[in-house]
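Q: I am new to this structure and would like to learn how to read its features one at a time. Could you take me through them slowly, giving the general idea before each case?

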Amino acid sequence: MFWTIPTIMTWTRIVAIPLIIGVFYLPLTEPSRNLIATVMFVVFAATDWLDGFLARRLNQTSSFGAFLDPVADKFLVCACVLVLVYLRRADVFVALIIIGREIAISALREWMAQIGASKSVAVHMIGKLKTVSQMVAIPFLLFDGSLFGVIDTHAWGVWLIWISAVLTIWSMVYYLQKALPEIRARTK
């Protein structure tokens, strides 16, 4: 199940990272680079939903795909947040919160899986809300302009990335609280 259609789509999110970053080194106008990077992010981020849908529809789910999917998501989000910090469109504090949480929760989930308690840190609605806010904030900040002459994507993106940071902390606390009984039981 290493080279199924859904898994290949997941790999594209990882391959997208240097492509999105590379856009900002092209000899184009800033609005052109912003638009290209935004479209690329939206297209590649959409594969997150599509690969899961196809995996279930084509009966091509696999443990490797289940592992790779969240890894690809985290790589794409973290890389884009770092680009936004570099472009001075996102605060470094937000980046530290988002990236630090991803590392901490990934390590927690790995440890909980090793001790057979992975259900206690299964994905929850707060984690999904965090992801949605990130997936809207990032393209808004990549675009960094006026959308349809009405929406100030920079202003909305800044609000959403900070909301995302709050949800990031909230979800981390939630997962740690769910894991705490298992952690206490294993450390006695």
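**Reading the features**

A: Let us begin with burial: Thr38 is buried, with a relative accessible area of 10%, where buried means under 20% relative accessible area, exposed over 50% and partly exposed in between (1.4 Å probe, protein chains only). This is a predicted model, in which local features need pLDDT of at least 70 and side-chain atom pairs count only at pLDDT 80 or more, while totals for chains, interfaces and linings use all residues. Residues are numbered from 1 along each chain as its sequence is written, and side-chain values use heavy atoms, with hydrogens and water left out.

Q: Where is Thr38 found, and which residues does Thr38 touch?

A: Helices (H or I, at least four residues) and strands (E, at least two) are DSSP runs, numbered from the N terminus, and Thr38 belongs to helix H2. A contact means heavy atoms within 4.5 Å; leaving aside residues up to four places away in sequence, Thr38 touches Pro139, Leu142 and Phe143. A polar atom of the Thr38 side chain also lies 2.6 Å from the backbone oxygen of Asn34.

Q: How many residues does the largest nonpolar core have?

A: In soluble globular proteins, nonpolar side chains tend to be buried together. A nonpolar core is a set of buried Ala, Val, Leu, Ile, Met, Phe, Trp, Tyr and Cys residues joined through side-chain atoms within 4.5 Å. Here the largest one has 31 residues, and those with the most contacts inside it are Ile20, Phe41, Leu76, Ile138, Leu142 and Ile161. The elements giving two or more residues to this core are helix H1 (5–23), helix H2 (30–57), helix H3 (63–86), H4, helix H5 (125–143) and helix H6 (153–187), and H3 supplies the largest share, seven residues. A second, separate core of seven residues includes Leu108, Met112, Ala117 and Tyr175.

Q: Which residues does Ile138 touch?

A: With residues up to four places away in sequence not counted, Ile138 touches Phe41, Val77, Cys80, Val81, Leu84 and Ile161.

Q: How many salt bridges does the count come to?

A: A salt bridge is a side-chain nitrogen of Lys or Arg within 4 Å of a carboxyl oxygen of Asp or Glu, and by this rule the count comes to nine. In one of them, Arg13 pairs with Asp48, the closest N and O atoms being 3.6 Å apart. Arg13 lies in helix H1 and Asp48 in helix H2, so the pair ties together parts that are 35 residues apart in sequence. Arg13 is buried, with a relative accessible area of 1%.

Q: Is Arg89 buried or exposed, and what does its side chain meet in salt bridges?

A: Arg89 is buried, with a relative accessible area of 6%. The side chain of Arg89 meets that of Asp144 in a salt bridge (3.5 Å, N to O). Asp144 lies in the loop between H5 and strand S1 (146–147) and Arg89 in the loop between H3 and H4, so this pair ties together parts that are 55 residues apart in sequence. Asp144 is partly exposed, at a relative accessible area of 25%. Arg89 also forms a salt bridge with Glu30 (3.0 Å, N to O), and Glu30 is partly exposed, with a relative accessible area of 41%.

Notes: Polar contact = N/O pair within 3.5 Å; in protein donor to acceptor, adjacent residues only side chain to side chain.
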